[in-house]
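Thanks for sending this one over. My notes are below, as numbered points to read alongside the model.

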Amino acid sequence: MSRCYYLDYISNSYWGTSSDKYICKLCGKEFYADDPQIKYTCNSTYSDEYQKCPVYKDRR
């Protein structure tokens with residue numbers, strides 16, 4: 001699994017993951033754990049898809 005280095009996981013619940021979120025440290029955007037962008041880009045199963053993210057590419 002390939003995960004963006006700037007992605008933080010925030011767990012807000014003791015049971016299940018329904019209110020858990022990810023936050024991008026580069027842009028500050030919050031995503032729910034089941035967001036498609038997390039699944040296919042930021043925390044993808046195959047390849048380094050996060051490197052194609054415009055925010056990641058423009059980091060300084």
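In what sense do E3 and E4 pair, and over how many bridges? The points below start from there.

Some ground rules come along with the model. The model is predicted, so local features need pLDDT of at least 70 and side-chain atom pairs count only at pLDDT 80 or more, while totals for chains, interfaces and linings use all residues. Residues are numbered from 1 along each chain as its sequence is written, and side-chain values use heavy atoms, with hydrogens and water left out.

1. **Strand pairing.** E3 and E4 pair in the antiparallel sense, over three bridges; strands are DSSP runs of at least two residues (E), helices runs of at least four (H or I), numbered from the N terminus. Pairing here requires at least two DSSP bridges between the strands. Ile23 has Glu30 as its bridge partner in E4. The two strands form a hairpin with five residues between them, and Gly28 in the turn has a positive phi of about 85°.

2. **The other neighbour of E3.** Strand E2 (residues 7-10) also runs antiparallel to E3, joined to it by four bridges.

3. **Two faces of E3.** Side chains in a regular strand alternate between the two faces of the sheet. In E3, Tyr22 and Cys24 make up the covered face, and Lys21 and Ile23 the uncovered one.

4. **The core.** A nonpolar core is a set of buried Ala, Val, Leu, Ile, Met, Phe, Trp, Tyr and Cys residues joined through side-chain atoms within 4.5 Å. The largest one has 10 residues, among them Leu7, Tyr22, Cys24, Phe31 and Ile38. Strand E3 (21-24) and helix H1 (36-42) each supply at least two residues of this core.

5. **Cysteines.** How many disulfides are there? With a disulfide taken as a pair of cysteine sulfur atoms within 2.5 Å, the count comes to zero. Cys4 is in none, and the nearest cysteine sulfur, that of Cys24, is 6.0 Å away. The sulfur of Cys24 has its closest cysteine sulfur in Cys27, at 3.7 Å, which is too far for a bond. Cys4 is buried at 8% relative accessible area, and Cys24 is buried too, at 12%; buried means under 20%, exposed over 50% and partly exposed in between, using a 1.4 Å probe and protein chains only.

6. **Tyr32.** This residue lies in strand E4 (residues 30-32). Tyr32 counts as partly exposed because its relative accessibility is 46%. Its C-alpha atom is separated by 16 Å from that of Arg3, 29 residues apart along the chain.
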